[in-house]
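Student: I should like to work through the helix packing of this model. Could we proceed by question and answer?

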Amino acid sequence: MASQDELKSVFSGLLQTYTDKFAEVKRKVRSISLLRITIFLVTVLGIYVTANWGWIYLLPVAITGTILFIFLVYRHGMLFRKRDWFERLIQINTTELKLLEGNTASLDNGSEFIIPGHAFSEDLDIFGNRSLFQLINRCTTASGRERLAQTLNEPITGRGPINARQKAVRELSDKLSWRQHFQATGISMEERAETMEELNSWGQEETTHFNRMIYRSLLWINPLLGLTIILLISFSVLPFGVFLLYLLLPFSVLGTRMSQVNKVHEQLGRKGEVLSGYAELFSLAASENFTSGLLNDIQDKISTGSNAAQQAIDALARISKAFDYRLNFLVGIILNIFLLWDIRQCIRLEKWKAAHGKEMGIWFDNLATLDELCSFAGFAYAHSDSVYPVIHEDSFTLQAKNAKHPFIPRAQSVGNDIQFSGWKQFQVITGANMAGKSTYLRTVGVNLILAMTGAPVLAESFTFTPVNLFTGIKTSDSLQDGESYFFAELKRLHHMIQRLEGGEHLFVILDEILRGTNSHDKRQGSMALLRQLIRLGASGMIATHDLSLGELAKEFPGHVDNKCFEVDIKKEELVFDYKLRPGISQNLNASFLMEKMGIVLKS
């Protein structure tokens, strides 16, 4: 188990290594740039000087200078790619160091995945600023990022899938170098969010517009005819007007199909570099040595037989890049006149789709899962003091020792135990302001969500039964819909009751319910709600300032347990220990704080 300082040392060491290599490559790039200019000028000067000496002197100078210049251009491009590679690795390790410090300010917050009225995600800060998504997300593909958001919004409730994911995450967490290589490769793609949607849409279309005998024949007839006419014109056998007549063939063929060609290019064009990046990701996934069942299953699905994803996607990338030649107006015209270039690429694409179209969705789906698992593995590596939960399925169980919240810095974090055995079990949690009630509720909720994704949780031990979670912590009013806070809360509670009445088992987390009404109504309504939740077989916890709710433990012995967070006043200062205790809270701090801040006079 690596300590915080050890983890910082690992990422700082990698950051320094890649920073040094980046600086070294930059120096080489500058040197190559200078040498390239020098070779160009020397070659031009050499050609100028030897121009009057004859071909025997001029040709060696020109050829040698050209070869050296082309080599330096190639070398320059290689160094640029290497420089970008180290720059991406610097970015990755800089982010890891920020995450260790709890700094998520500049990170992707996944706010577009927020679902208004979701059962728990808004209350538990799953997305948005200072969110769980920011702590976990290390996805390098758009589809992996979407899969991660889906898993967080819809946690897994099956024992088998959770156990399989735990083994995969545990294995990947130990592959730091491979994961960073995988992540850096994906970052280079600069993928648009809609790229995958366009590719899948094209792959699912059952169309054959171009892969027909007539077009395949024209691919041979057109260039042979064009070359023959040009040769005959060059030997003055035919007049130039015949060539103009020849142009009717490629223009008529392309003109009748231009709208379909443009549609295909819109779906597949300008994706060559992205597809090449995907091919590299598939290669990394297929070539790594995995032992867990889930990772081996992913490998099998992306690398079986002649339909291996890496080779197929690499071929698709080459077709896409070739198709993009049409974007150069002059080159596109010449290629289409003599080679029917657009038709040729459309035929190649249709052949590719016939061979691989049905597998493509499976390949990318499995790659997205691997990308998502790598994110959870990165989270696991950065939280080496976490544990993988044990799943209990015989009856509802939620037990943890020293559970902590991942948002709170380790040095300041105070752990608490969690104890639930069976349904119809509720904790009424009382305590003073700022004593830790809401943090405890979120600690339970966040760790339960992590447990149902296959990730480790922040606790010394954690045993749980996968369960549907429902929370009511941050309900807000809606001016747009004309809803008061109170009515919005009632709607949410009504939805919860409907789910329970429909036969669902829910673990419920509620914080200070019915605060939008008067104290008497609040007390009566809260007690009635808790009775209803017990009757419907739910389990969970309710945090409240209303100490009278603790009386329900007498009404429901064995079903309601009172817990509290206390605050002590020592030397005119509030002292919080943030530890969960049995019983009903005895100390209040609102009056003390108001007096201390001069809001009211001391009594």
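Tutor: A crossing is called left-handed if the near helix is turned anticlockwise from the far one by less than a right angle, and right-handed if clockwise. The model is a predicted one.

Student: How are helix 6 and helix 12 oriented, roughly parallel or roughly antiparallel?

Tutor: The axes of helix 6 (residues 176-187) and helix 12 come within 9 Å, and they cross at roughly 165°. That angle makes helix 6, relative to helix 12, roughly antiparallel.

Student: Which residues of helix 12 make the contact with helix 6?

Tutor: Helix 6 passes helix 12 in a left-handed crossing. On the side of helix 6, the contact is made by Trp178, His181, Phe182, Thr185 and Gly186. By class, the residues of this contact are 5 nonpolar, 4 polar and 1 charged. From helix 12 come Gly277, Glu280, Leu281, Leu284 and Ala285.

Student: Is Gly277 buried or exposed?

Tutor: Gly277 lies in helix 12. Its relative accessibility is 9%, and the cut-off for burial is under 20%. Gly277 therefore counts as buried.

Student: With which residues is Gly277 in contact, leaving aside its neighbours within four places in sequence?

Tutor: Gly277 and Thr185 are 92 residues apart along the chain, yet their C-alpha atoms are separated by 6.5 Å. Once the neighbours within four places in sequence are set aside, the contacts of Gly277 are Thr185 and Met189.

Student: How are helix 8 and helix 16 oriented to each other?

Tutor: The axes of helix 8 (residues 213-234) and helix 16 lie 10 Å apart, at an angle of about 130°. The pair is therefore classed as oblique.

Student: How many charged residues does the contact of helix 8 with helix 16 have?

Tutor: Helix 8 passes helix 16 in a left-handed crossing. Tyr215, Arg216 and Leu219 of helix 8 meet Ile343, Arg344 and Ile347 of helix 16. The contact has 4 nonpolar residues and no polar ones, and the number of charged residues is 2.

Student: Why is helix 4 described as largely enclosed by the rest of the structure?

Tutor: What covers its buried residues includes helix 3 (132-136), helix 5 (159-173), helix 7 (195-204), helix 12 (272-287), helix 16 (341-382) and helix 17 (437-451). Among the buried residues are Arg145, Arg147, Leu148 and Leu152. Helix 4 is largely enclosed because, of its 12 residues, the number buried is 10.

Student: How far apart are the end C-alpha atoms of helix 4?

Tutor: Helix 4 covers residues 142-153, and its 12 residues at 1.5 Å a residue should span 16 Å. The separation of its end C-alpha atoms agrees with this, at 17 Å.

Student: Against which helices do the buried residues of helix 14 pack?

Tutor: Helix 14 (residues 309-323) should span 21 Å, and its end C-alpha atoms are 21 Å apart, which agrees. Its buried residues include Ile313, Leu316, Ile319 and Phe323. These buried residues of helix 14 pack against helix 7, helix 11 (258-268), helix 12, helix 13 (293-302) and helix 16.

Terms used. Residues numbered from 1 in each chain as written. Predicted model: local features only at pLDDT ≥ 70, side-chain atom pairs only at ≥ 80, totals over all residues. Heavy atoms only, no water. Helix = DSSP H or I, 4+ residues; strand = E, 2+ residues; numbered from the N terminus. Expected span 1.5 Å × (residues − 1). Buried < 20%, exposed > 50% of the residue type's maximum accessible area, 1.4 Å probe, protein only. Contact = heavy atoms within 4.5 Å. Axes fitted to C-alpha atoms, helices over the stretch in contact; angles between N-to-C directions. Parallel < 35°, antiparallel > 145°, perpendicular 65-115°, else oblique. Nonpolar A, V, L, I, M, F, W, Y, C, P; charged D, E, K, R; others polar.
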